[in-house]
Amino acid sequence: QVQLVESGGGSVQAGGSLRLSCAASGSTYLINLINCMAWFRQAPGKERERVAHIHTSSGSTYYADSVKGRFTISRDSAKNALYLQMNSLKPEDAGMYYCAARFAATRAQCGAGFPYWGQGTQVTVSS
């Protein structure tokens, strides 16, 4: 199995920055298969939405329109870690942020169908 643990959430004023981290642990075999990792977020009363994902096999990334130009997703395979640099934060960015991972044979598959999820880290943005 694979365990994902997020960290780095917190409270910040609008315009500020946070860097989220996601550490993967567990089966080395399964971790080495993972080539697609994503960040999702869920605000109270709203559906969970995909914020960004990275497909390391193709080098492709995806960002939700609402975060383009402000958030950057990156992965350090040597450390089994995923990051989300969030700049120019807005109150609407607040929510619980989740890390997710999967093996995706094609980049088209990278974005949904994640079997591995973290417990989440809370982000609060005050205006």
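Modeller: Happy to; what follows goes from the disulfides to the strands and the core around them. Please keep in mind that this is a predicted model.

Let us start with the sulfur atoms. The structure contains two disulfides. A disulfide is a covalent bond between the sulfur atoms of two cysteines. If you number the bonded cysteines in sequence order, they pair as 1-3, 2-4.

One of the bonds links C22 and C99, with 2.1 Å from S to S. Its S-S torsion is about -75°, so this disulfide is left-handed. C22 belongs to strand 3 and C99 to strand 9, so the bond ties together parts that lie 77 residues apart in sequence. How exposed or buried are these two ends? Buried means under 20% relative accessible area. C22 has 1% relative accessibility and therefore counts as buried; C99, at 0%, counts as buried too.

The other bond is formed by C36 and C110, whose sulfur atoms are 2.0 Å apart. Here the torsion about the S-S bond is about 90°, so the disulfide is right-handed. C36 sits in strand 4, while C110 is in the loop between strand 9 and strand 10 (116-117), so this pair connects parts 74 residues apart in sequence. Both C36 and C110 are buried.

Strand 3 (18-26) takes part in an open sheet of four strands, ordered 1-3-8-7, with antiparallel pairing. Strand 1 and strand 7 are the edges of this sheet, each pairing on one side only. On average, neighbouring strands in the sheet are turned by 15° against each other, direction ignored. Between strand 1 and strand 3 there are six bridges, in the antiparallel sense. As one example, V5 has A23 of strand 3 as its bridge partner.

Next comes the packing. The largest nonpolar core has 29 residues, and L4, M37, W39, L84, M86 and Y97 have the most contacts inside it. Strands that each supply at least two of its residues include strand 1 (2-7), strand 3, strand 4 (36-42) and strand 9 (95-102). Strand 3 gives the largest share, four residues. Apart from this core lies another one, of eight residues, and C110 is among them, along with F40, Y98 and F114.

Not counting residues up to four places away in sequence, L4 touches both C22 and C99. Its other contacts include A23, A24, M37, A100, A101, Y116 and W117.

Finally, have a look at N35, which is in the loop between helix 1 (28-33) and strand 4. With a relative accessible area of 6%, N35 is buried. A polar atom of the N35 side chain lies 2.7 Å from the backbone nitrogen of A104. Leaving aside neighbours within four places in sequence, N35 is also in contact with I54, H55, T56, S57, R75, R102 and F103, among others.

Notes. Residues are numbered from 1 along each chain as its sequence is written. This is a predicted model: local features need pLDDT of at least 70, side-chain atom pairs count only at pLDDT 80 or more; totals for chains, interfaces and linings use all residues. Side-chain values use heavy atoms; hydrogens and water are left out. A nonpolar core is a set of buried Ala, Val, Leu, Ile, Met, Phe, Trp, Tyr and Cys residues joined through side-chain atoms within 4.5 Å. Buried means under 20% relative accessible area, exposed over 50%, partly exposed in between (1.4 Å probe, protein chains only). Contact means heavy atoms within 4.5 Å. Two strands pair if DSSP finds at least two bridges between them. Axes are lines fitted to C-alpha atoms, for helices over the stretch in contact, and angles run from 0 to 180 degrees between N-to-C directions. A disulfide is a pair of cysteine sulfur atoms within 2.5 Å. A polar contact is a pair of N or O atoms within 3.5 Å; within protein, one must be able to donate a hydrogen and the other to accept it, and residues adjacent in sequence count only if both atoms are side-chain atoms.
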